[in-house]
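Open the model in your viewer and keep the sequence panel beside it. The stops below say what to select and what to look for there.

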Amino acid sequence: MSTPDFNLLVTLDVLLTEGSVARAAKRLRLSPSAMSRALARLRETTGDPLLVRAGRGLVATPRALELRERIGPLVQEAEAMLRPVQPPDLSQLMRTFTLRTREGFVDSFGAALIARVARQAPGVRLRFIGKPDKDSTALREGSVDLETGVVGDSASPELRTQGLFRDHFIGVVRKGHPLSRGEISAERFAACGHVAVSRRGLDKGPVDEALARLDLQRQIVTSVAGFSTALALARVTDLVATIPAHYTESLRTGMHSFVLPFSLPAFTVAMLWHPRMDADPVHRWLRGCMREVCGQSPSEREGT
């Protein structure tokens, strides 16, 4: 069975509206002969003459009258689907977005992001879920709309990424901790008890590798999965937490932060999404909200 030419629907709609081959040709910017050939194809396709001569004009057959009632709305709907998407009315929007983030993101940025979204789109809901690994299957399947994370060589090439902010590691201890006084050497740092952060429960990380190059080894007393948990422990113990500066800025209030006595590379925290969401205007708006909030200082976020 041959595939029907759907372009004929537009031609038929104009023919039935105008009731004249000449006027239909002018409206569609076709020659009269091309319009006559199109009418011949329509007659062959539908098995009906559609328009027949009556005196000096053309009149529609019963089949054409039946089609005219149905084809107009059909063509209008098709044209609407093929037009560029119009900017959404955010004030009337009802939609839920699922964001997959590491522990600590909601603590640092969640309140400001929720407030930022609510100002323009009170009907939009944000659902935050944890990110126990870097598997991006949920983004591909559509169960997650947006994800945050450190972009490295392991990022899937099929995903879109955009940086939110650059960050670097610092040391954090409670007020009054011995490291809050005097110069901090790598030796003093390593001699303290530490809370390590590892999502996968690893015993070693970049801090340990940097210390090993100095022939030093830190004493890891405990390990946790997230930065906010590490800070909670460091706040009430003598443990040292090594955490990202910007990512945890609002969580370190009342604590002592210091520059690490060795070098660790900076990194970029980015948002990730699937390419099918690129052109969605509401998703673009949400990404804009993320960029704005993550680029603010803690005081600016608190004022939102």
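This is a predicted model: local features need pLDDT of at least 70, side-chain atom pairs count only at pLDDT 80 or more; totals for chains, interfaces and linings use all residues.

Arg70 and Glu66 form a salt bridge, with 3.7 Å between the closest N and O atoms. Both residues belong to helix H4, where a spacing of four residues puts about one helical turn between them. Glu66 has a relative accessibility of 39%, so this residue is classed as partly exposed.

Helix H4 spans residues 62-82, and Arg63 and Glu66 sit three residues apart in it, about one turn of the helix. Arg63 is partly exposed, at 30% relative accessible area.

Next, clear the selection and pick Glu292 and Arg116. Their side chains meet in a salt bridge, at 2.9 Å from N to O. Glu292 is in helix H10 (residues 281-294) and Arg116 is in helix H5 (residues 105-120), so this pair ties together parts of the chain that are 176 residues apart in sequence. Arg116, at 12%, counts as buried because the cut-off is under 20%.

For another charged group, select Glu18, Arg23 and Arg27. A network of salt bridges links these three residues. Side chains of opposite charge can pair when their charged atoms come close. The structure holds eleven salt bridges.

The last stop is Thr248. Where does Thr248 sit in the chain? Thr248 is found in the loop that joins strand S10 (240-244) to strand S11 (255-258). With a relative accessibility of 0%, Thr248 is counted as buried. Which residues does Thr248 contact, leaving aside its neighbours within four places in sequence? They are Ser108, Phe227, Leu231 and Ile243. To finish, draw a distance between the C-alpha atoms of Thr248 and Ser228: these residues are 20 apart along the chain, and the separation is 7.4 Å.

Terms used
Residues are numbered from 1 along each chain as its sequence is written. Side-chain values use heavy atoms; hydrogens and water are left out. Helices (H or I, at least four residues) and strands (E, at least two) are DSSP runs, numbered from the N terminus. Buried means under 20% relative accessible area, exposed over 50%, partly exposed in between (1.4 Å probe, protein chains only). Contact means heavy atoms within 4.5 Å. A salt bridge is a side-chain nitrogen of Lys or Arg within 4 Å of a carboxyl oxygen of Asp or Glu.
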